[in-house]
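Subject: Structure handover

Hello,

Here is the structure for you to look over. My notes follow below it.

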Amino acid sequence: MSSPNMPPDVAENYAALKEGLPKTAAELGLMQGFPAPPETRVTWANWIAAPFNRWGFQHVQGLLPTLTVACGELPPALFEGAPAELDSFLFDSVSGARHSLGDHLAASHTDAFLVLQKDKLVYERYWNGQTPATRHIMFSVTKSLIGLLAETLIHQGVLDENALVAAYVPELAKSAFGDASVRQVLDMAVGIDYVEQYDDPDSSSSHYGYASALLPAPDGLGKYASLYEYLPSLKKRGQHGGLFHYVTAVTEVLGWAMERASGKASDRLLEEMVWSKLGMERDGCFAADPWGRAITGAGFNATLRDLARIGRLILGQGKVDGREILSADAIRQIARGADPAIFAQDADFTAWAPGASYRSQWYVFNDNPGSGESGSMMACGIHGQYIFIDFAA
């Protein structure tokens with residue numbers, strides 16, 4: 001059942017299926033009672049950690065302040081059903097054994113999974129109390145939505161991809177970002193002294209989490225009252241460009257520059273440019289930092305079907321039902337990707353997504369560079385949220 005290089009948790013997850021499905025939030029007793037007992041209580045301090053995240057990821061609005069992204073007045077855009085039997089689809093897993101899709105989704109603690117093909121709904125399943133109406137945090141899928149907005153603002157002439165960040169945000173002039181271009185920020189090509197290490201409470205990314213108030217700071221580690229204070233503190237290391245360095249704080253800078261260029265907050269930009277125009281079923285929402293700023297690197301929440309509508313928009317080159325929502329040129333700019341050799345310099349990322357490049361906050365697989373009509377692109381969040389778009393299939 002296992003192979004020498006298999007991550008231990010993969011073997012454990014598959015083996016657990018022989019004993020039964022992973023326990024749901026309800027079966028774990030999370031947040032049952034008024035109040036729930038301390039051992040089953042989901043709080044601001046533990047909502048990202050297992051097993052509390054089984055409840056927390058679906059209830060961010062009850063744990064953190066949020067900013068609404070309204071779905072508008074359009075009726076929900078319906079999906080035509082064309083069900084396919086995908087539960088039994090077999091693949092060779094990293095455990096070295098062949099598994100079905102249904103077993104894999106259950107083993108990996110999936111909450112929801114949906115497949116559209118040629119604008120038809122072929123597969124949709126929910127677990128752990130998730131429903132079509134439940135919003136779920138998307139973590140770094142948020143970055144890709146911000147990248148989509150940024151490319152559109154560039155196409156509209158609102159944002160200059162060649163301008164330096166300091167031209168939009170003078171507060172960042174002496175930081176790592178001041179002499180970086182908007183394009184370098186878009187493509188995670190900023191030379192910065194920053195470690196994205198989630199299990200170190202004193203790492204750069206942990207301080208990002210405290211400044212954004214995604215988590216409370218441990219005693220002695222709370223240094224910044226807001227992302228507005230934290231971002232100017234980050235220092236340059238090396239040169240910008242010609243590299244891929246994944247840093248969540250970079251997307252926060254992109255959001256800030258977009259807001260200054262447009263005169264609108266990121267939550268309003270997403271609402272006005274996309275969310276209110278697609279026939280979404282529910283409002284989305286951003287988690288907000290202590291100064292009321294949308295967390296653009298990891299804070300967006302939405303239903304599964306509404307995220308599928310984002311995928312359908314991109315697949316349709318910015319059009320839905322004949323209506324142009326976004327520029328096809330802006331989407332092609334993303335879909336053409338960047339240089340895979342640059343992405344490949346990061347051993348961890350290229351092992352996870354071999355052959356990919358990184359463009360405008362999206363992972364792009366350069367199957368047919370420059371076309372935007374074949375190949376594939378992907379948004380990804382740290383705990384397993386994905387939008388995967390395959391233009392050819």
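Leaving aside its neighbours within four places in sequence, which residues is Glu252 in contact with? They are Tyr208, Leu227, Leu231, Arg293, Ala294, Ile295, Thr296, Gly297 and Ala298. Contact here means heavy atoms within 4.5 Å.

First, the ground rules. This is a predicted model, where local features need pLDDT of at least 70 and side-chain atom pairs count only at pLDDT 80 or more, while totals for chains, interfaces and linings use all residues. Residues are numbered from 1 along each chain as its sequence is written, and side-chain values use heavy atoms, with hydrogens and water left out.

**Overall**

The protein has 14 helices and 15 strands. Both are DSSP runs, numbered from the N terminus: helices are H or I with at least four residues, strands are E with at least two. For 393 residues, a compact globule would have a radius of gyration near 21 Å; the protein has 21 Å, so the two agree. That radius is taken over C-alpha atoms, and the globule rule is 2.2 Å times the number of residues to the power 0.38. The C-alpha atoms fill a box of roughly 60 × 55 × 50 Å along the principal axes.

Buried residues make up 52% of the 393. Buried means under 20% relative accessible area, exposed over 50%, and partly exposed in between (1.4 Å probe, protein chains only). The accessible surface comes to about 17200 Å², and 53% of it belongs to carbon and sulfur atoms. The areas come from the Shrake-Rupley method with a 1.4 Å probe; for residues, only the protein chains shown count as cover. Among contacts with a separation of 6 or more, 64% are between residues 24 or more positions apart.

Glu252 counts as buried because its relative accessibility is 0%.

Helix H10 (residues 266–273) is mostly covered, with six of its eight residues buried. Those are Ser266, Asp267, Leu269, Leu270, Glu271 and Met273. What do they pack against? Strand S1 (66–69), helix H4 (141–156), H9, strand S8 (284–287) and strand S9 (300–302).

**The S2-S6-S5 sheet**

Three strands form an open sheet in the order S2-S6-S5, with mixed pairing. Strand S2 (80–81) and strand S5 (112–117) are at the edges; each has a single partner strand, so one side of each lacks a neighbour in the sheet. Two strands pair if DSSP finds at least two bridges between them. S5 and strand S6 (residues 120–126) are antiparallel, over six bridges. Val115 has Tyr123 in S6 as its bridge partner. Helix H11 (residues 304–315) packs on this sheet, touching S5 and S6, and its direction makes about 30° with that of S5. Axes are lines fitted to C-alpha atoms, for helices over the stretch in contact; angles run from 0 to 180 degrees between N-to-C directions.

**H11**

H11 has twelve residues and reaches 17 Å from its first C-alpha to its last, close to the 16 Å expected at 1.5 Å a residue. The expected span is 1.5 Å times one less than the number of residues. Ten of the twelve residues are buried. Among them are Asp306, Arg309 and Arg312. Just after H11, Gln317 takes a positive phi of about 55°.

**The S12-S13-S14-S15 sheet**

Four strands form an open sheet in the order S12-S13-S14-S15, with antiparallel pairing. S12 and strand S15 (385–390) are the edge strands, each pairing on one side only. Neighbouring strands are turned by 25° against each other on average, direction ignored. H4 packs on the sheet, touching S12, S13, S14 and S15; its direction makes about 130° with that of S14. H11 packs on the sheet too, touching S13, S14 and S15, at about 25° to the direction of S15.

Strand S12 (residues 356–359) and S13 pair over four bridges. They form a hairpin with two residues between them, and Ser360 in the turn has a positive phi of about 55°. Ala356 stands opposite Phe365 in S13. Three bridges join S13 to strand S14 (residues 376–381). Met378 in S14 is the bridge partner of Tyr363, and Ser376 in S14 that of Phe365.

Which way do the side chains of strand S13 (residues 362–365) point? Trp362 and Val364 point one way, Tyr363 and Phe365 the other, and all are buried. In a regular strand, side chains alternate between the two faces of the sheet.

Best wishes
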